[in-house]
Amino acid sequence: MNTRQRHSGNSRRALSAAFGLAGALVVLTGCTAESPAPPTIGAGTPTSTAAATNWGGYGSQDEACTETANNVISLALVPTNLSFATDPGAIADIRSTIERMTAIAPAALTSHYETLAKLVNEYGSELSATPTPTPAQTPTPSGVAADEPGPHLDTDAFGVQVTGIKTWLIENCSG
């Protein structure tokens, strides 16, 4: 197999994965032929009966499912965003975004979001305590300087919480 064939196969697999993710989102969010609003993190207007509904601060099941699916996409990017963040303020912004998600999430999801915010906060605390790297210690894509440890996100714990949110989506928003 030549290099072109190998790269072509990788491209097809990546494209298939992207279409698979898009298809899963269509199923989970109940998209129709109508053009949806652009996804926003933590969108939705809290209702006056938020605590009394299964849908948290969202006005309907459809809105809760759509926005929670959007949140999962955003949350999937958090570990990568954290690995490149060097400013504690950026970490605080990510944590605040997750806290906004928590405020309007269905009650069954609040503990997942709260744990995610706690994990991000712990990462931010470690980042603040880590000395600024010198040019010879520039961060690697994993976010850790090559010759000294840096802040660490517990990606296993983070993944467990995101999986819990995905499970809720499957149980409450499929079909």
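Helix 2 and helix 5 are roughly antiparallel to each other, a term applied to angles over 145 degrees, whereas angles under 35 degrees count as roughly parallel. In this predicted model, local features need pLDDT of at least 70 and side-chain atom pairs count only at pLDDT 80 or more, while totals for chains, interfaces and linings use all residues. Residues are numbered from 1 along each chain as its sequence is written, and side-chain values use heavy atoms, with hydrogens and water left out.

The axes of helix 2 (residues 61-84) and helix 5 (residues 155-173) come within 10 Å and cross at roughly 160°; axes are lines fitted to C-alpha atoms, for helices over the stretch in contact, and angles run from 0 to 180 degrees between N-to-C directions. Helices are DSSP runs (H or I, at least four residues) numbered from the N terminus. The crossing of helix 2 with helix 5 is left-handed, meaning that the near helix is turned anticlockwise from the far one by less than a right angle. The contact (heavy atoms within 4.5 Å) draws on residues including Ala-64, Thr-68, Val-72 and Leu-75 of helix 2 and Phe-158, Val-162, Ile-165 and Lys-166 of helix 5. By class, its residues are 13 nonpolar, three polar and one charged, where Ala, Val, Leu, Ile, Met, Phe, Trp, Tyr, Cys and Pro count as nonpolar, Asp, Glu, Lys and Arg as charged, and the others, Gly among them, as polar.

Helix 2 also meets helix 4, their axes coming within 12 Å and crossing at roughly 15°, which makes helix 2 roughly parallel to helix 4. Thr-68, Asn-71, Leu-75, Val-78, Leu-82 and Ser-83 of helix 2 meet Tyr-113, Leu-116, Val-120 and Tyr-123 of helix 4, and this contact holds seven nonpolar, three polar and no charged residues. For helix 3 (residues 88-104) and helix 4 (residues 110-129), the axes come within 9 Å and cross at roughly 170°, so that these helices are roughly antiparallel.

Leaving aside neighbours within four places in sequence, Leu-116 is in contact with Leu-75, Ile-98, Phe-158, Gln-161, Val-162 and Ile-165. Met-101, found in helix 3, is buried, with a relative accessible area of 1%; buried means under 20% relative accessible area, exposed over 50% and partly exposed in between (1.4 Å probe, protein chains only).

Conventions. Helices (H or I, at least four residues) and strands (E, at least two) are DSSP runs, numbered from the N terminus. Angles under 35 degrees count as roughly parallel, over 145 as roughly antiparallel, 65 to 115 as roughly perpendicular and the rest as oblique.
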